[in-house]
Amino acid sequence: MTISYDKFGLKEVINASGKMTILGVSKVSENVLAAQRFSGEHFFEMSELHVQTGAYLAKLLEVEDAQIVSSASAGIAQSVAAVIGEGSVYHAYHPYTERITKREIILPKGHNVDYGTPVEVMVGQGGGKVVEAGYANMCSAAHIEMMITADTAAILYIKSHHTVQKSMLTVAEAAAVAKKHQLPLIVDAAAEEDLYKYSKAGADLVIYSGAKAIEGPSSGLVIGKGKYIEWIRLQGKGIGRAMKIGKDNILGLTQALEDRLKDGSETGDSMKKRLAPFIDAINQIEGLKATVVQDGAGRDIYRASVKVLERSAKDVIAALKEENPAIYTREYQANNGIIEFDIRAVNEEEMNKIVTRLKAIM
């Protein structure tokens, strides 16, 4: 059977928006495809597959244990359920039982964002109740601490470009508060490149998307303290059943992470070098002004920031999507007349196609 865009009446897509769920997130390597194929052709004791791949990844990442889940969102929901249930099988079967009242999850107000779904939706799915700390423009360790009550189950920290960046406490500061009050700290680091940083900063559970920086198949990864990972595995008897991940993606993610640690990811210097001719070409188009900018969350990622002059950036964005191939960009600053192009998954030929399309649109 031949697979093609035409077979399903789909447009080809040039992904200049980054590691985005709406576009399928990442391309996977031949190594990852081979791991998925091996898995697809064999059977496993699935409980042991989870335990052994978790132990293997934990050793690579220098943590006590790890659990592969279906997505970073599933990681949030199951981590919240885990710290609420504390290993109770009754809770796994009755995740929203009124017997358990210790359900408050403290979250900096500026971290209660919508990343495709609101953070509080995943917390609620895990049976938690969001308690916001601080304000939209600031949150300190003291703001977190003053919200702790007898019903606090955990502190949650979202490390993402979606969140407020200024005047926010660090992960290490949140970890100090959590440790002082003997609470677990959960860090959602879904798209982060550094797979060691947050565990070493004191987080008890750290959640990554398997398909973003790791460039694996659809999956998520939770790493951290052994006790909490065991509690997460128990959620397979409860809410985790609706979030189960297949054997092919378990082994695919394991291979992708091993490869990422060995080979690394594209450096910021490499991105800037590849961006240079692209920026020059765009600056030859009347009505556009392009510069290089760094990722807003401080990651070593560089993008083309294009200011649209004398017309609506939103109209240009819509026009880029209309034809085949559809060109997707980062739209977060469209209201300021700016379009960003993330080239991590864009090759030279595709950059030329983007320039040609922009010329036609302008």
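In what order do the 7 strands of the open sheet stand, and what is their pairing?

Guide: This is a predicted model, in which local features need pLDDT of at least 70 and side-chain atom pairs count only at pLDDT 80 or more, while totals for chains, interfaces and linings use all residues. Residues are numbered from 1 along each chain as its sequence is written, and side-chain values use heavy atoms, leaving out hydrogens and water.

The open sheet has its 7 strands in the order β2-β8-β7-β6-β5-β3-β4, and the pairing is mixed. The strands at its edges are β2 (65–69) and β4 (129–133), each of which pairs on one side only. On average, neighbouring strands of this sheet are turned by 25° against each other, direction ignored. Strands (E, at least two residues) and helices (H or I, at least four) are DSSP runs, numbered from the N terminus. Two strands pair if DSSP finds at least two bridges between them. Axes are lines fitted to C-alpha atoms, for helices over the stretch in contact, and angles run from 0 to 180 degrees between N-to-C directions.

Strand β3 (residues 104–108) pairs with β4 in the parallel sense, over 5 bridges.

Now move to β5 and β6. Strand β5 (residues 152–158) runs parallel to β6, and 4 bridges join the two. Across this pairing, Tyr 157 stands opposite Val 187 of β6. Strand β6 (residues 185–188) is covered on both faces. On one side Leu 185 and Val 187 are buried, and on the other so are Ile 186 and Asp 188. Buried means under 20% relative accessible area, exposed over 50%, and partly exposed in between (1.4 Å probe, protein chains only).

Leu 185 and Val 187, together with Leu 221, have the most contacts inside the largest nonpolar core, which has 42 residues. Such a core is a set of buried Ala, Val, Leu, Ile, Met, Phe, Trp, Tyr and Cys residues joined through side-chain atoms within 4.5 Å. Leaving out residues up to four places away in sequence, Leu 221 touches, among others, Leu 57, Leu 61, Ala 66, Ile 68, Val 206, Tyr 208, Leu 253 and Leu 257. Another core lies apart from the largest one; it has 31 residues, including Ile 14, Met 271, Phe 278 and Phe 341.

Asn 249 is found in helix α10 (residues 247–263). With a relative accessible area of 14%, Asn 249 is buried. Its contacts, neighbours within four places in sequence aside, are Gln 36, Pro 217 and Ser 218. Gly 264 sits in the loop between α10 and α11 (268–282). At 38% relative accessibility, Gly 264 is partly exposed. Gly 264 and Ile 214 are 50 residues apart along the chain, and 9.3 Å separates their C-alpha atoms.

Some backbone angles deserve a look too. Most residues other than glycine have a negative phi, and most peptide bonds are trans. Glu 62 has a positive phi, near 60°. This residue is in the loop between α2 and β2, and Glu 62 is exposed, with a relative accessible area of 54%. Glu 86 has a positive phi as well, near 50°. Glu 86 lies in the loop between α3 and α4 (89–93), and its relative accessible area of 46% makes Glu 86 partly exposed. As for peptide bonds, the one that joins Asn 324 and Pro 325 is cis, with omega about 10°. Pro 325 belongs to the loop between α12 (313–322) and β11 (326–329).

Helix α12 leads on to another sheet. Lying across β10 and β12, α12 runs at about 40° to β12. These strands belong to an open sheet of 3 strands, ordered β9-β10-β12, with antiparallel pairing. Because β9 (288–294) and β12 (338–341) are at the edges with a single partner strand each, one side of each has no neighbour in the sheet. Here neighbouring strands are turned by 30° against each other on average, direction ignored. Strand β10 (residues 302–308) pairs with β9 over 7 bridges in the antiparallel sense. In that pairing, Thr 291 is opposite Ser 305 of β10.

Definitions and conventions. Contact means heavy atoms within 4.5 Å.
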